[in-house]
Amino acid sequence: MTFFSNIWRNEKSRELIVQIIVLFFLGWFISWLVMNVNANFEALGKDISFEFLFIPAGYDINQYLIDYNNRDSHLRAGIVGLLNTGLVAFFGIILATVLGIALGIIRLSKNWLASKIAYWYVEFTRNVPILLHILLWHGIIINTLPHPRKAISLGEVTFLSNRGFYIPKPLTETGIELVYLFFVIAIIFSILFAKYCKRKQDLTGIQYPVFWINVSVICFLPLIAFFISGMPVSLEIPALKGFNFRGGMHMSPELAALTFALGIYTAAFIAEIVRAGILAIDKGQREAAESIGLKPSKVMNLVILPQARRVIIPPLTSQYLNLTKNSSLAIAIGYMDLVATLGGISLNQTGREMETMLIVMLIYLSVSLSISALMNWYNSKVKLVGR
Amino acid sequence: MSEKTYKPGNYPDLPPPPGTVGVYGWIKQNLFSSISNSLLTIISVVLLYYLIDGIIGWFFLDAVFDADSKIACRKIDNGACWAVITRRVGQFVYGFYPETERWRIDITFLTMFVAFAPLLYPDIPKRKWLLYFSVFYPFFAFVLIMGGYFGLQKIEYSLFGGFMLTVILGVCGIVCSLPLGILLALGRQSNLTVVRTLSVCFIEFMRGVPLITLLFVASSMLNYFLPPGTNFSILVRVIIMFTFFSAAYIAEVIRGGIQAIPKGQYEAADALGMNYWQKTRFITLPQALKISIPGIVNTFIGLYKDTTLVVVIGLLDPLGIGRAALADTKWNGLSTETYLFVALFFFVSCFAMSRYSLWLENKLNTDKK
């Protein structure tokens with residue numbers, strides 16, 4: 001008796017006992033689940049197999065980045081869906097970042113009116129579900145934009161209609177390789193130049209206008225190459241043929257609606273993050289920077305922003321992740337992303353819920369886990385070092 | 001220039017310089033302090049003018065509030081056609097709940113505020129008595145909504161819909177996910193390796209996948225994991241998924257709160273000889289929960305907004321009702337009106353929640369008094 005009560009009173013052995021009990025229940029629970037799945041699958045005559053991935057999918061996808069037709073396999077359909085998820089996430093993140101940072105700064109501006117407008121934008125946008133944003137934008141594009149025949153034309157090259165947006169498509173010809181080459185050279189040069197200037201400044205204190213030099217190098221070098229090689233890019237302008245436009249790049253109403261909705265919704269959250277990040281910087285930092293005579297722009301660029309960045313970037317990344325996960329709502333308006341292809345039509349056609357959902361979840365999970373790992377690494381790198 | 005001389009201590013109080021006080025001063029300081037600032041003001045005013053002009057015209061002045069169809073609407077005026085809402089307002093609120101039984105929903109909804117009051121406002125008079133009602137309320141609400149007892153007609157889950165469904169899903173999810181989230185947060189901070197690993201896996205999995213895939217699992221796969229023949233309502237399955245999903249987020253918020261507590265607090269608790277549960281109950285949680293209120297309420301708002309996702313698996317929340325209305329040829333194409341109406345409902349409820357969290361935060365903030 002005393003032996004057992006001693007074991008229970010000893011912290012180490014008690015922890016061990018509790019953990020063994022938890023493990024036992026976990027094992028029991030998992031085996032219970034597996035048994036249930038087995039019994040259910042046996043009753044339905046199903047099995048678990050991933051062979052369905054290689055049989056023809058048999059459905060069409062209207063927006064694709066790699067070639068696809070309905071004789072391609074489910075696997076390829078899934079990849080097309082994954083790329084579509086990436087596409088909308090990419091556009092959405094750009095829109096959300098630009099709009100969000102602008103709004104966050106306007107929120108802090110001394111202008112009362114502008115700051116109030118930004119405030120109400122944020123409140124109205126983030127208190128409405130993202131799915132409603134998506135459906136609202138989709139509805140606006142489908143129902144209020146005109147038919148292709150009466151499309152709104154922007155300079156006769158870009159057309160907005162209820163079948164989507166038509167944008168001129170750049171077609172590359174031979175000689176474009178030179179432009180790419182020069183672009184790569186310009187990037188390498190600017191990285192090296194920035195490093196050189198940083199070292200120079202550390203040693204001597206002399207500052208160069210690194211940013212502007214690099215921007216102009218990256219812009220002009222490829223441009224020069226573009227003219228040298230005889231302008232190897234031509235624009236394919238969309239033209240009305242019959243009931244719809246042909247040629248050019250097509251942004252389907254679904255893609256456009258999804259991009260707007262995700263961008264506008266996430267921008268509200270980013271605005272709050274940017275605002276909180278800037279406000280988190282101690283007032284003394286700004287006052288000290290002003291008192292040593294820095295210009296307002298330098299105060300912002302050299303003192304406030306580098307410190308705010310540390311606060312802003314982790315939640316910003318998690319907003320990007322949220323945006324990517326929210327893009328799975330595309331299924332509600334029929335945009336063919338990963339969930340709509342593999343987890344939607346493929347699931348319904350093959351009846352393999354278990355396998356398709358497993359793949360879809362694993363893909364999302366691996367994306368978010370790898371980005372969180374990256375963030376943890378970044379956090380440990382920029383963490384204030386306590387001395 | 002005449003300079004008066006005053007005896008020391010007899011200087012009169014001079015008025016503030018002109019242009020720094022009053023309406024004029026305020027305008028000058030807040031709207032036209034510099035050239036760029038004035039430009040921003042002018043742009044804002046122009047933007048606001050067009051926005052307000054357009055909104056008032058479309059929403060109210062040119063709007064039609066009752067008509068038989070979209071075409072009839074357009075014949076009357078060319079603004080918003082709210083008839084799509086007004087003709088189906090019952091469905092938007094109650095779904096397909098039988099019309100004669102709708103008073104039960106009304107009573108449940110109104111008494112919900114009574115049940116929540118003592119939890120939300122700690123200073124309310126007669127709090128103790130109201131708390132008894134809060135404990136009793138879930139059973140009361142269940143019986144009243146579902147029926148089947150005390151001579152009340154039994155109502156099928158499939159008839160639930162509209163804002164009522166949103167509130168049911170949201171409230172159930174919120175109430176169930178807070179305790180689970182606290183347990184997960186404690187599990188993640190635990191010394192026991194097995195418990196910690198389990199909590200981390202659960203939290204990271206739930207946060208890593210989109211909610212919609214979890215809802216698909218709930219609607220089409222959950223039955224595979226249960227003994228053959230078990231079948232329970234889709235509504236319960238969805239609530240379970242919502243609970244798991246937001247519990248994972250709440251756990252992370254609370255973990256942040258736990259980590260923000262100074263180490264000295266734990267050391268003091270240890271020095272007093274408290275055991276783990278006493279430490280958790282009296283030291284960790286009161287402080288951690290207080291810090292994490294804004295984050296928790298944000299998660300709740302997120303959960304409440306996410307209830308709209310159930311439309312994808314075929315439940316008739318306000319969005320589902322709206323889409324059904326739009327599928328009717330009479331109302332085809334009135335999506336803007338329908339979705340804006342639903343958006344307004346969500347805005348009002350979520351905005352109220354965020355205001356409440358601000359109020360509570362200020363009330364509990366003891367260090368800045």
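Two residues are in contact here if their C-beta atoms, placed from the backbone, lie within 7 Å. This is a predicted model, where local features need pLDDT of at least 70 and side-chain atom pairs count only at pLDDT 80 or more, while totals for chains, interfaces and linings use all residues. Residues are numbered from 1 along each chain as its sequence is written, and chains are lettered from A, with ligands numbered from 1, in the order in which they are written.

A:I134 belongs to the largest nonpolar core, which has 142 residues; A:L132, A:I134 and B:L215 touch the most other members. A nonpolar core is a set of buried Ala, Val, Leu, Ile, Met, Phe, Trp, Tyr and Cys residues joined through C-beta atoms within 7 Å. Buried has a simple count behind it: 20 or more other C-beta atoms lie within 10 Å of the residue's own, while 12 or fewer makes a residue exposed and anything in between partly exposed, with C-beta atoms placed from the backbone. Helix α8 of chain A, residues 253-279, supplies the largest share of this core, 16 residues. Helices (H or I, at least four residues) and strands (E, at least two) are DSSP runs, numbered from the N terminus. Apart from this core lies another one, of five residues, including A:V179, A:A186, A:L221 and A:A225.

Now look at a pair of helices in chain A. The axes of α3 (residues 74-107) and α11 (residues 338-350) of chain A come within 6 Å and cross at roughly 150°. Axes are lines fitted to C-alpha atoms, for helices over the stretch in contact, and angles run from 0 to 180 degrees between N-to-C directions. α3(A) and α11(A) are therefore roughly antiparallel to each other. The scheme counts angles under 35 degrees as roughly parallel, over 145 as roughly antiparallel, 65 to 115 as roughly perpendicular and the rest as oblique. On the α3(A) side the contact is made by A:H74, A:A77, A:G78, A:V80, A:G81, A:L82 and A:T85, and on the α11(A) side by A:L338, A:A340, A:T341, A:L342 and A:S346. By class, this contact of α3(A) with α11(A) has six nonpolar, six polar and no charged residues. Ala, Val, Leu, Ile, Met, Phe, Trp, Tyr, Cys and Pro count as nonpolar, Asp, Glu, Lys and Arg as charged, and the others, Gly among them, as polar.

Next comes the meeting of the two chains, where 47 residues of chain A are in contact with 46 residues of chain B. On the chain A side, the elements that give two or more residues are α2 (11-44), α4 (112-126), α5 (130-144), α11 and α12 (353-382). Of these, α2(A) gives the most, with twelve residues. The chain A side divides into 31 nonpolar, eleven polar and five charged residues. Not counting residues up to four places away in sequence, A:V37 touches B:Y224 and B:F225. A:V37 is partly exposed, with 17 other C-beta atoms within 10 Å.

Stepping back to domains, whose bounds come from an automatic or database domain assignment, chain A is divided into domain 1 (2-47), domain 2 (74-168 + 237-382) and domain 3 (171-236). The C-alpha centres of domain 1 and domain 2 of chain A lie 43 Å apart. Chain B is divided into domain 1 (22-61) and domain 2 (84-97 + 155-364), and 39 Å separate the centres of these chain B domains, taken over C-alpha atoms.

B:I145 lies in helix α7 (residues 127-146) of chain B and is buried, with 20 other C-beta atoms within 10 Å. Leaving aside neighbours within four places in sequence, B:I145 is in contact with B:R104, B:I105 and B:T108. B:L364, in helix α15 (residues 335-364) of chain B, counts as partly exposed, with 13 C-beta neighbours inside 10 Å. B:L364 and B:I293 are 71 residues apart in sequence and 9.6 Å apart in space, C-alpha to C-alpha. With neighbours within four places in sequence left aside, B:L364 is in contact with B:K290 and B:I293.
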